[in-house]
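This report walks through a predicted model.

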Amino acid sequence: MGVILEVKNLTKKFSGLTAVNDFSFEVRRGEFTGLIGPNGAGKTTLFNLISGHEKPSSGTIRFDGRDITGMKPHQIVNLGIARTFQLVRSFRFMTLLDNIAVSCLSPRGKKVAKEYGIDEYASSILAAVGLVDKARIPPIILPHGDLRKLQIGKALGTNPQLLLLDEPFSGLSHEEQKGITDLIIKLHDDGVTVFMTGHVLRELMHLVPRVVAMHQGKYITEGPPQEVANNKIVLEAYLGKGSEQLA
Amino acid sequence: MRIIIKKIAEFPSNFQSYFRDWISTFRAKVTVICLIGLSLVPLLTQNPYFLGIFTTFMIFTIFAASWDFLAGFVGQVSFGQAVFLGVSGYVTAYLIRYLSFPWWLSLVIGSIIAVIFGLIIGIPALRLKGPYLALGTLAMSLIMYQVFLMGSLATMWENAFGTNLFGAEGVSQITPISSDTVVEYFATFLIMSVSLLILTHITKSNVGTIFKAIRDDETGTSASGINTTKYKILAFMISGLFAGVAGGLFAMRFRGVNPGVFQPLYSFYAIIIAAMGGLATISGSAIGALIFVFLGEILRDTQDLSLLIFSIILILFIRFAEHGLLKPTLERIQELWDIVLGR
Amino acid sequence: MIDSLINFLILGTIQGSIYALLAMGFSLVYGVGGILNQAHGAFYLITCYLFYWCYINLGGFGLIVGIVVGLIVVTVVGGLVYILLVKPLKDSHVGVVIVTFAFAFLIEQVVKVSVDPLYHSMPLLIEGSINVFGVKVLNHYILVVVASLVIVTLITLFINKAKIGKSIRAVAQDAEAASLMGINVDRILAYTVMISAFLAGIAAILYVPIDIVAPHIGWSILINSFAIVVLGGLGSLPGSVLGAFIMSYANAFVNFILFMPEISALIPIVVILFMLILRPRGLFGKKEID
């Protein structure tokens, strides 16, 4: 299995603050990886850098062997990296079907979608994320859990090879978390490489075989969750923020 | 290229099925009745003054619809819609007056130039969002106003080409579409119907879905793999095209243009008409324009007073009735319809 | 030559002081509430015409009455505009933009209908002039510079030291956190718009005697304020003061050194377009346009 995502010496400085500091790691094709770190560790910034929503101060990002550093978000999506956001985003005044259809109309999504027809393909994605019975309603009236599903559906519409999920469980009830977990496992089984963040270690523990730990923008360690959880620096990072977050 | 040919070949059958679906809806029936009604107006009266008011109303409908398309469907609130109106108006008027082009060719060229201005405005506007876009486009229309007003440019142009383009006078004394107001009426009617049809069709197409996505969440749209830059420029060009069509017709209807067309006033007209009809409706502009033009005609002698009233109307609509008149009216009519049919 | 240089310096400074007042208010409302108030020029217009009306109709005391009435009314109107028009539409940027734009139009028409659409002029607030190194300087000019300086300083002190000022800064930094801390965000925003309107009123009273009174001047006030704020950086008060002087010297340069008054109307517009495209953060701004 080759490396699908390679991040090397990535640094992002905001005025006076280094959000991501000389960060390097790799994700292999077909892997299921988690990124952990307390709030403010720089996880979302790292995601924004990979997805092109922010430009790195230095360092490189390679996807499938290709340098994607500094590319625009839509170009990166069309190479095969899709993401979700920690704060849910949706097209508020459009039906769920149209919400998905937008992704299916992207150059990469369209290649697959046009064989089946845009609407039919979008419906099949809605079915896959479990929202097909709500295809004709706008997202404003959806509960939070469904919005998270919609996010994943929107990402799937672009036919991604690598899926970046930013805090897919945040703000969800236990029941809803279960639904999303099943969905993510299903997607991974279908061959999508998944890279997700979580600031609560417990959520990721039983889901992913490998986690990368981040603290104050820096790479700490990586390995099986159990091992990482016992790492001294990781423990300190979390304990410093409050021990209740630990597993 | 092959795709385009295939699409054209498929068009008649596609259009048939599309039309059949469309005509079965309630809205379509109302639209057809309205269009038939409008086409009967010249049978009732051939009074040039009265037909002229109707022609003006149809021109403003196109103009406001072009703004509504950009603001209501793509979320780009422009206060510089007058730029397109003015540019196309000037080009059309100039070609007719000094180069003796036929009206339709002048109109086409004028509209194309407006599309190019859509591109020119669209590119810097890409960096601007929300209120910045509004003020940025307002600034662009003021630039055009100042430039076209410049006395020194007027002299320079006159010395170079021997014609009037710049200066307070503008381009005047151009011939209308036809000296027969009925012909003028029907030409405008046809152009308006086609314009509204195309705009409505775009909003319902796949491209329209992308436009609406940009309106609702631009970052989210780019995260869905859409090149938002490309589509925003496209939207400005489409809006420029139809505002340009309105501009050319405007110049011919009023026999000329002057720098005044670039003033914020005309952008304001488009906004108030679209807001009265209802944002993001396209055809709502027709209701808005009807009220606007006829009320304006009633208050003709006191233009300042009519603008005062329109400002109040606009504030009230934006503040209390953001859906405008079209949707609620259609709903009422549909209820009545259902009662009449005993459903 | 030396004459035009002096004109350049004097009028650049005068206009800079006025623009500083206008831009400061405009920037404040943006920085605190994220509102780009298209009716900023209308505030100027309101005081301008109340001042003019009192002067014409009330004789000797007209100027004093005009100043008091003009400032009180514009401050109250500022509060009302926020409460009645902006606040209910706060969630929709489009709504705020259109409604304040429409309000500006309304005021222009009210002025045209109730007074007249013509140009007028006003007398200087204080007569006489002094001699500075052989150059005659109107006392009114000195008044403008001193008054602006005092007011800009007072407002800066107010925002940094006073209790309301601290609440204003809290709301500017994070409205949500401020409301959790028990600050009434809407009241603070209303105060901010009122301060902004008051500043526009002061600017009108100082500037009208050496400028013109006409219904359309509100638009050039709006465009100039926007240009300055874009130049200095949206939401940055020192930036808007500096931007005001840069703009006014540029304007004076075109008028008195190059002798091309036709071009001067284009300056703010060109500044807006260039800054928005090249450096949307402005010279001193903290916030990127988003």
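## The antiparallel sheet of chain A

In what order do the 4 strands of the open antiparallel sheet of chain A lie? The order is S2-S1-S4-S5. The sheet is open, and its pairing is antiparallel. Strand S2 (17-28) and strand S5 (66-67) of chain A are the edges. Each of these two pairs on one side only.

Strand S1 (residues 3-14) of chain A runs antiparallel to S2(A), and 8 bridges join the two. Lys12(A) has Val20(A) as its bridge partner in S2(A). Helix H1 (residues 43-51) of chain A packs on this sheet. H1(A) touches S1, S2 and strand S4 (58-63) of chain A. The direction of H1(A) makes about 65° with that of S2(A).

## The mixed sheet of chain A

Chain A also has an open sheet of 6 strands, in the order S6-S7-S8-S3-S9-S10. Here the pairing is mixed. From one strand to the next, the twist averages 20°. One parallel pair joins strand S7 (residues 162-165) of chain A to strand S8 (residues 193-198) of chain A, over 4 bridges. Within it, Leu162(A) stands opposite Thr193(A) in S8(A).

Which helices pack here? Helix H7 (residues 174-189) of chain A packs on the sheet and touches S3, S7 and S8 of chain A. The direction of H7(A) makes about 150° with that of S8(A). H1(A) lies across strand S3 (32-36), S6, S7, S8 and strand S9 (210-215) of chain A. H1(A) runs at about 140° to S6(A).

## A hairpin in chain C

Strand S1 (residues 129-132) of chain C pairs with strand S2 (residues 135-138) of chain C. The sense is antiparallel, over 4 bridges. Val132(C) has Val135(C) as its bridge partner in S2(C). The two strands form a hairpin with 2 residues between them. In the turn, Phe133(C) has a positive phi of about 50°.

## Contacts between chains

Which chains share the most contacts? Of the 2 pairs of chains in contact, it is chains B and C. In that interface, 33 residues of chain B are in contact with 34 residues of chain C. On the chain B side, helix H6 (130-149), helix H12 (264-277) and helix H14 (303-320) of chain B each give two or more residues. By class, this side has 24 nonpolar, 5 polar and 4 charged residues.

Chain A meets chain B through 25 residues of chain A and 16 residues of chain B. Helix H2 (73-79), helix H3 (96-104) and helix H4 (107-116) of chain A each supply at least two residues of the chain A side. That side divides into 10 nonpolar, 9 polar and 6 charged residues. Chain A and chain C do not touch. Their nearest C-alpha atoms are 10 Å apart.

## Domains of chain B

Chain B is divided into domain 1 (69-260) and domain 2 (263-343). Their C-alpha centres lie 22 Å apart. In the contact between them, 17 residues of domain 1 of chain B meet 9 residues of domain 2 of chain B. Helix H3 (48-73), helix H4 (81-99), H6 and helix H8 (181-204) of chain B each give two or more residues to the domain 1 side. This side has 10 nonpolar and 7 polar residues, and no charged ones.

Helix H7 (residues 151-161) of chain B is hardly covered. Of its 11 residues, the count of buried ones is 0. Gly162(B) follows H7(B) and has a positive phi, near 70°.

## The nonpolar core

The largest nonpolar core has 273 residues. Leu22(C) and Ala203(C) have the most contacts inside this core. Helix H8 (residues 185-207) of chain C gives the most to the core, with 17 residues. Domain 1 (69-260) and domain 2 (263-343) of chain B both contribute residues, so the core lies between them.

What does Ala203(C) touch, not counting residues up to four places away in sequence? Its contacts are Ile18(C), Leu21(C), Leu22(C) and Tyr44(C).

Key:
Residues are numbered from 1 along each chain as its sequence is written. Chains are lettered from A and ligands numbered from 1 in the order in which they are written. This is a predicted model: local features need pLDDT of at least 70, side-chain atom pairs count only at pLDDT 80 or more; totals for chains, interfaces and linings use all residues. Two residues are in contact if their C-beta atoms, placed from the backbone, lie within 7 Å. Ala, Val, Leu, Ile, Met, Phe, Trp, Tyr, Cys and Pro count as nonpolar, Asp, Glu, Lys and Arg as charged, and the others, Gly among them, as polar. Two strands pair if DSSP finds at least two bridges between them. Axes are lines fitted to C-alpha atoms, for helices over the stretch in contact, and angles run from 0 to 180 degrees between N-to-C directions. A nonpolar core is a set of buried Ala, Val, Leu, Ile, Met, Phe, Trp, Tyr and Cys residues joined through C-beta atoms within 7 Å. A residue is buried if 20 or more other C-beta atoms lie within 10 Å of its own, exposed if 12 or fewer, and partly exposed in between; C-beta atoms are placed from the backbone. Domain bounds come from an automatic or database domain assignment.
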